[in-house]
Amino acid sequence: MSKPHSATVAARAGIAQDSAYGAVTPPLYLTSTYELKAFKQPGKYDYSRSNNPTRDLLGDALAELEGGAKGLITGTGMSACLLALQLIGPEDTLVIPHDCYGGSYRLFLNLANRKKAFKLVVVNFQQTDWADQVKAAQPKMIWVETPSNPLLQITDIKATAELAKTLNAILVVDNTFLSPALQNPIALGADIVVHSTTKFINGHSDIVGGALIAKDAAVGDELKWWANCLGVTGGAFDAYQTLRGLRTLLPRIKHHQHNAELVVDFLQKQPLVGRVYYPGLKDHPGHAIAKAQQHGFGSMLSFDLAADEAYLAVFFEALQCFTLAQSLGGIESLICHPGSMTHASLDAATQKAAGIGPTLIRLSVGIEDAQDLIADLAQAFAAVEAAVQQKAKTPSVRSGSATAAEKSAQQQFRLNPALSVLW
Ligand SMILES: Cc1ncc(COP(=O)(O)O)c(C=O)c1O
């Protein structure tokens, strides 16, 4: 058989490989330890922190999907990021994008500043002189996250990989937002791919996990050693669940993306919507690069609500099909307010500099019926419109200061210390 397509690799991950009983679906090996064949004769597996058959099936499947030599499974997406950083030391420089995931930014910043683990240079890859900025830093490692969160900005992976090669630098791409179904950074020249498998790869919002895929076997072996040494390998049950999620990755992604396109189309016609941020739109600044390097535009998008931020609460409370929650990539549609949720720990000035306005809303479009999703958004916009009209009718109450209800709504979505954890 010729090389199977991604949908086949994903659907058949671990299928019909059981040597004990011929089980079609692979068994879950929860064991922590393994019996030796005889004294001084260990078998293939000895201890599950180092190696586990269920985890290996997931690692192998992801390596095949990403076109890498080795796939390592970690307990969280953050530990996959931490693992990649073991390839650099105190004398080395790491270049990161200014708009990478907040949790990754926090990790890089604190390891550099508090632990002196490496030197850190932050670059805005959207600026025309990004390559000069990277060159000037003389990095040992370059970190790319594309599309970015929450504005879906695109970085040219191939151009960055070519530059990395001339600098003898390692290129790491966080591929969480698209999954291997929609983007394969190794084929574009990346050395390492990391994922939060919590998102599209598992796809059911019931597991937290991560993965690292290395292009070269030797780098993969080195990082496998570190994964065992640091103890960041993922649990067997999580790998089992994630394998089950992975088998439907391709059809799920198709459905997610189809729904997202319909939602984008709807949003663009709404008077209460300002700018829509989606790489599939022709006027998106990264559209051409996204079209060239991605196999689709994905199902993450953001938009500005064209109303005072006091109406955010009205909008969110009216929704029934979209759940107000952190995270993304599950089959259920989620909605989030980056300013008070995912990016809450950035101060107002930093949020503004990153382009995160007070009424920016991010959607992770799920696989429900698109008509239901659109109807849900439509009635939430109608609720905002009714609240705006109501306000216009009662000018005396409205003069100047906000009502108690509005103040409470504003408070709810402002920087809330309880929410200031980055997700
Ligand atoms: C792009 C990206 N990378 C890494 C992570 C970290 O993943 P996890 O939450 O599984 O540790 C996230 C989490 O949201 C993410 O969005």
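Visitor: Which residues of α9 meet which residues of α13?

Guide: In this predicted model, Asn259, Leu262, Val263 and Phe266 of α9 meet Ala370, Leu373, Ile374 and Leu377 of α13. By class, this contact of α9 with α13 holds seven nonpolar residues and one polar residue, with no charged residues.

Visitor: Why are α9 and α13 called roughly parallel to each other?

Guide: The axes of α9 (residues 249-268) and α13 (residues 370-393) cross at roughly 30 degrees and come within 9 Å. Angles under 35 degrees count as roughly parallel, and α9 and α13 are therefore roughly parallel to each other. As for its hand, the crossing in which α9 passes α13 is right-handed.

Visitor: Which residues make the contact of α2 with α8, and how do they divide by class?

Guide: From α2 the contact takes Thr54, Arg55, Leu57, Leu58 and Ala61, and from α8 it takes Ala236, Ala239, Tyr240, Thr242, Leu243 and Leu246. These divide into eight nonpolar, two polar and one charged; Arg counts as charged, and Arg55 is among the residues of α2 in this contact.

Visitor: How do you know that β8 and β10 stand at the edges of their sheet?

Guide: The open sheet of five strands has the order β8-β9-β12-β11-β10, and its pairing is mixed. Strands β8 (273-277) and β10 (323-324) each have a single partner strand, so one side of each is left without a neighbour in the sheet. Helix α9 packs on this sheet and touches β8, β9 (300-305) and β12 (360-364), with a direction that makes about 150 degrees with that of β8.

Visitor: What makes β10 and β11 a pair of strands?

Guide: Two strands pair if there are at least two bridges between them, and two bridges join β10 to β11 (residues 334-336), the two strands running parallel. Leu324 has Ile335 of β11 as its bridge partner.

Visitor: In what order do the strands of the seven-stranded sheet stand, and which strands are at the edges?

Guide: The seven strands form an open sheet in the order β1-β7-β6-β5-β4-β2-β3, with mixed pairing. The edge strands are β1 (70-74) and β3 (119-123), each of which pairs on one side only. On average, and with direction ignored, neighbouring strands of this sheet are turned by 20 degrees against each other. Within this order, β4 (residues 141-145) and β5 (residues 170-174) pair in the parallel sense over five bridges, and Ile142 stands opposite Leu171 in β5. Helix α7 (residues 217-230) lies across β1 and β7 (210-214), and it runs at about 20 degrees to β1.

Visitor: Which residues come nearest to the ligand, and which helices supply at least two residues of the shell?

Guide: Of the 15 residues around the ligand, Thr76, Gly77, Tyr101, Ser196 and Thr198 come nearest. Helices α3 (77-84) and α4 (102-113) each supply at least two residues of the shell. By class, the shell divides into four nonpolar, nine polar and two charged residues.

Visitor: How do α3 and α4 cross?

Guide: Their axes cross at roughly 40 degrees and come within 10 Å, and the crossing is right-handed. Met78, Cys81 and Leu82 of α3 make the contact with Gly103, Ser104 and Leu107 of α4, which by class gives four nonpolar, two polar and no charged residues.

Technical notes: Residues numbered from 1 in each chain as written. Predicted model: local features only at pLDDT ≥ 70, side-chain atom pairs only at ≥ 80, totals over all residues. Axes fitted to C-alpha atoms, helices over the stretch in contact; angles between N-to-C directions. Helix = DSSP H or I, 4+ residues; strand = E, 2+ residues; numbered from the N terminus. Parallel < 35°, antiparallel > 145°, perpendicular 65-115°, else oblique. Left-handed = near helix turned anticlockwise from the far one by under 90°. Contact = placed C-beta atoms within 7 Å. Near = placed C-beta within 6 Å.
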